[in-house]
Amino acid sequence: VTKTITLLTDYGLDDDFVGVCHAVIAGIAPDARVIDLTHGIRRHDIREGALSLRRALPYAPAGIHVAVVDPDVGAERRAIALRVADEQRILVGPDNGVLWLAAQRFGGAVEVVDIGRSPHRLRDAAATFHGRDLFCPVAAQLACGTPLGEVGEPLEPDEIEPLHMPLDVEHAELSATGLLLGHPLTINGRDALYATTFADVNPGDLILYEDAYQTAAIAVNRGSALEQLGLDRDSEVRISPG
Amino acid sequence: VTKTITLLTDYGLDDDFVGVCHAVIAGIAPDARVIDLTHGIRRHDIREGALSLRRALPYAPAGIHVAVVDPDVGAERRAIALRVADEQRILVGPDNGVLWLAAQRFGGAVEVVDIGRSPHRLRDAAATFHGRDLFCPVAAQLACGTPLGEVGEPLEPDEIEPLHMPLDVEHAELSATGLLLGHPLTINGRDALYATTFADVNPGDLILYEDAYQTAAIAVNRGSALEQLGLDRDSEVRISPG
Amino acid sequence: VTKTITLLTDYGLDDDFVGVCHAVIAGIAPDARVIDLTHGIRRHDIREGALSLRRALPYAPAGIHVAVVDPDVGAERRAIALRVADEQRILVGPDNGVLWLAAQRFGGAVEVVDIGRSPHRLRDAAATFHGRDLFCPVAAQLACGTPLGEVGEPLEPDEIEPLHMPLDVEHAELSATGLLLGHPLTINGRDALYATTFADVNPGDLILYEDAYQTAAIAVNRGSALEQLGLDRDSEVRISPG
């Protein structure tokens, strides 16, 4: 049976890039179900793509999972397809870290191939549109049941590029911090509340909560925690019982 | 046979919310056809969602129809699924009025269940993402043929929340107003024309017309009737033969 | 077997227009695969729609191809469906040039029908929403196998509206210009480079390259060639060896 293909890119929906990727897949794997996880990743933001893929994938049926956030398309970066330890999921994309967090989430890569010269890429593959010419045709082929070993040249799992994060807070256990739901705390010195949802607090209140993806999150009800706390990406945040 | 599922939300397409909803449905109902009616409803605008659902639904095959515009997610509002009198359509969403107009359009609710504690919701349902954790899993289950009575606790049809509108003008019959196509009229004292399409008038002209959904509409060709007439939502508009 | 339907419009994704088109198709051709090529064409920009359709279509499986960019909907323009010489592809849309370039790309129209009064249009077809009421229902019928001759009144292929372009540069062969990859050149008197990808040049550099659709293109790495060269649509561009 044909497998499900998921797509995640930074292409946006203003032009025909995403549509042409769907068209290419439909030509090769007419029975594949294709799910657009999102095409709204910030252009060239590999980390945002990697985080979004990791949190979305557990909700998708196991299949072929394409992620294209690719600032160095046309340059030296490798293109890969890999099988993870869990659920036989196959991930396809540039070897720049965008697949890394999702691969780790499913037990890490156990089989990897370099698809840069795959026999299944489109003839005359363009230097600049690998979603259409390389990643989607290879993914469609894999969805039809072609073995991973036949779509590229073998690599060792430890040859692929990791994603470097300042600190992985995903698995920080809120229960271990001594915070109690509904109790006051401070975030970078400001008064806040450990709440379940926005519905529990007043507009303007700063809250710590577990977001919809079980990640610790900070927010201001109907406002911006980023602005109120003067934070940037990778800023340090200190949370203490109030 | 698996039924069609339609989705209408205020999630937008910038992040992975809609994609994850599709992923969840694909896991439960792999053969369901899923149609995105729109995800562009203004955030938290229940009335806009209700109007859009009412006018779009008659064009969709009868099936399971999910609408999520949900400012009070995580608070006390109920989550419901209901069957309407006509065509066995089933509507799924928060009980805040967003389903109301569409339900009325198809003869009103004849069977209603509270799905807040449905056995088919995802484990660890998040407080804040009921589209993924509650509405879509329940809709997918219903699309597979699970009876409505098995996805939640029964409610009386008259227990659900109506949508309060200042005045329902949908069924105002233009023919009854004494206006004749092509004849002049006034709208709040300004000269206008009762026209069939923009092609009939000059740029800047104010027209009354029957829009693509058979609703009486006011517009300025290549301009804004809202601005030209100084109107707001719920403003009164007086139309008289000119 | 049911054929694939592709959609290309200027409707955008902010409201329910595209969703309702999908709904109408699902009702008539429940097994058709529908591919959104794009709905991001600039509003009423027939030429952009025609160019996008021409470059996207070769990547799509042969089927029914709808394009709706339709500034004169409701006025006198014809609505047509046509079969091209190659691959039995059928194109459906307004007869205003939007289908022209794609038809030429596939050998030109060999059979054309006027679908303005098609028996397959929706009852009460609105004057202003022909995507829903005319083009998509007719396309869905064609996808189910209804012969072209039964969805409208025959026209001669030479009766359809061509698209007038200032100059068709698509097939300009770069190899014929005496330019060599990596060599300097000038564009409207400014220093530039004939490069393969952005990865080959520095930020701010002006390049000539073959884009992902094999079209000669001019760009500034991380900048705007339009602004840097002061160009408008249809501006003349002179390229010379440097």
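This is a predicted model: local features need pLDDT of at least 70, side-chain atom pairs count only at pLDDT 80 or more; totals for chains, interfaces and linings use all residues.
## The rotation axis and the copies

Residues are numbered from 1 along each chain as its sequence is written, chains are lettered from A in the order in which they are written, and side-chain values use heavy atoms, with hydrogens and water left out.

Two copies of a chain are related by a rotation about an axis and a shift along it. For chain B and chain C, a rotation of 120° with 0.0 Å of shift along its axis gives the superposition, with an RMSD of 0.1 Å, and of the residues of chain B it is B:L13 that comes closest to the axis, at 5.1 Å (C-alpha).

## Where chain A meets chain B

In this interface, 19 residues of chain A are in contact with 29 residues of chain B, contact meaning heavy atoms within 4.5 Å. The two chains bury about 1600 Å² between them, 59% of it on carbon and sulfur atoms; buried area is the accessible area (1.4 Å probe) that two parts lose on being put together, summed over both. On the side of chain A, the residues that lose the most area to chain B are A:R33, A:Y59 and A:A212, which together account for 35% of what that side buries.

One salt bridge is found across the interface of chain A and chain B, a salt bridge being a side-chain nitrogen of Lys or Arg within 4 Å of a carboxyl oxygen of Asp or Glu. A:R55 and B:D16 form a salt bridge in which the closest N and O atoms are 3.2 Å apart. Only 5% of the interface residues of chain A are also interface residues in chain B, so the copies meet through different surfaces.

## Where chain B meets chain C

Here the contact takes 19 residues from chain B and 29 residues from chain C, and the area buried between these chains is about 1600 Å², of which carbon and sulfur atoms give 59%. In chain B, the residues losing the most area to chain C are B:R33, B:Y59 and B:A212, together 34% of what that side buries.

The interface of chain B and chain C has one salt bridge by the rule. B:R55 forms a salt bridge with C:D16, the closest N and O atoms lying 3.2 Å apart. Only 5% of the interface residues of chain B are also interface residues in chain C, so these copies, too, meet through different surfaces.

## Two helices within chain A

Within chain A, the axes of helix α1 (residues 17-28) and helix α4 (residues 130-143) come within 9 Å and cross at roughly 35°. The contact brings A:V20, A:C21, A:V24, A:I25 and A:I28 of α1(A) against A:G131, A:R132, A:C136, A:P137, A:A140 and A:Q141 of α4(A). These residues divide into eight nonpolar, two polar and one charged, where Ala, Val, Leu, Ile, Met, Phe, Trp, Tyr, Cys and Pro count as nonpolar, Asp, Glu, Lys and Arg as charged, and the others, Gly among them, as polar.

How values were computed
Axes are lines fitted to C-alpha atoms, for helices over the stretch in contact, and angles run from 0 to 180 degrees between N-to-C directions. Helices (H or I, at least four residues) and strands (E, at least two) are DSSP runs, numbered from the N terminus. Copies are superposed by least squares on the C-alpha atoms of residues with pLDDT of at least 70 in both.
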